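Please read the following briefing alongside the sequence and the coordinates.

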Amino acid sequence: MAAARRQATAAPDWQDTYRRWRPPVERAVAWLIYQGNRRLRYHGTIANNTWLHNPPPSTFVA
């Protein structure tokens, strides 16, 4: 963590990239949370990853 902080303060190109992409990412997360997607359906990363990328036909919204 300390090395990442040093990199963030020492690299101006990293700061430019961070400032460019941070607001759109935060906005996308806020949209998802607003639409009720705060919690995942299953416990565990493998089950949730499978569910997110291959939803059952009954839950798929086109």
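Rings of Phe, Tyr and Trp (its six-membered ring) are taken as a pair if their centres lie within 6.5 Å, with planes under 30 degrees apart counted as stacked, over 60 as edge-to-face and the rest as tilted. By that criterion the structure holds one aromatic pair. This is a predicted model, in which local features need pLDDT of at least 70 and side-chain atom pairs count only at pLDDT 80 or more, while totals for chains, interfaces and linings use all residues. Residues are numbered from 1 along each chain as its sequence is written, and side-chain values use heavy atoms, with hydrogens and water left out.

**Overall fold and surface**
- The chain has three helices and zero strands, where helices (H or I, at least four residues) and strands (E, at least two) are DSSP runs numbered from the N terminus, and the pattern along the sequence reads α-α-α.
- Of the 62 residues of the chain, 6% count as buried, a term that stands for under 20% relative accessible area, with exposed meaning over 50% and partly exposed in between (1.4 Å probe, protein chains only).
- The accessible surface of the chain comes to about 6,000 Å², and 59% of this belongs to carbon and sulfur atoms; the areas come from the Shrake-Rupley method with a 1.4 Å probe, and for residues only the protein chains shown count as cover.

**Helices H1 and H2**
- The axes of helix H1 (residues 2–10) and helix H2 (residues 12–34) come within 5 Å and cross at roughly 90°, which makes H1 roughly perpendicular to H2.
- Axes here are lines fitted to C-alpha atoms, for helices over the stretch in contact, and angles run from 0 to 180 degrees between N-to-C directions; those under 35 degrees count as roughly parallel, over 145 as roughly antiparallel, 65 to 115 as roughly perpendicular and the rest as oblique.

**The aromatic pair**
- Trp14 and Tyr18 form a stacked aromatic pair, 5.1 Å centre to centre with 10° between the planes, and both lie in helix H2, four residues apart, about one turn of the helix.
- Trp14 is partly exposed at a relative accessible area of 34%, and Tyr18 is partly exposed at 39%.

**Trp51**
- Trp51 lies in helix H3 (residues 45–53) and counts as buried, because its relative accessibility is 19%.
- Trp51 and Arg41 are ten residues apart in sequence and 8.0 Å apart in space, C-alpha to C-alpha.
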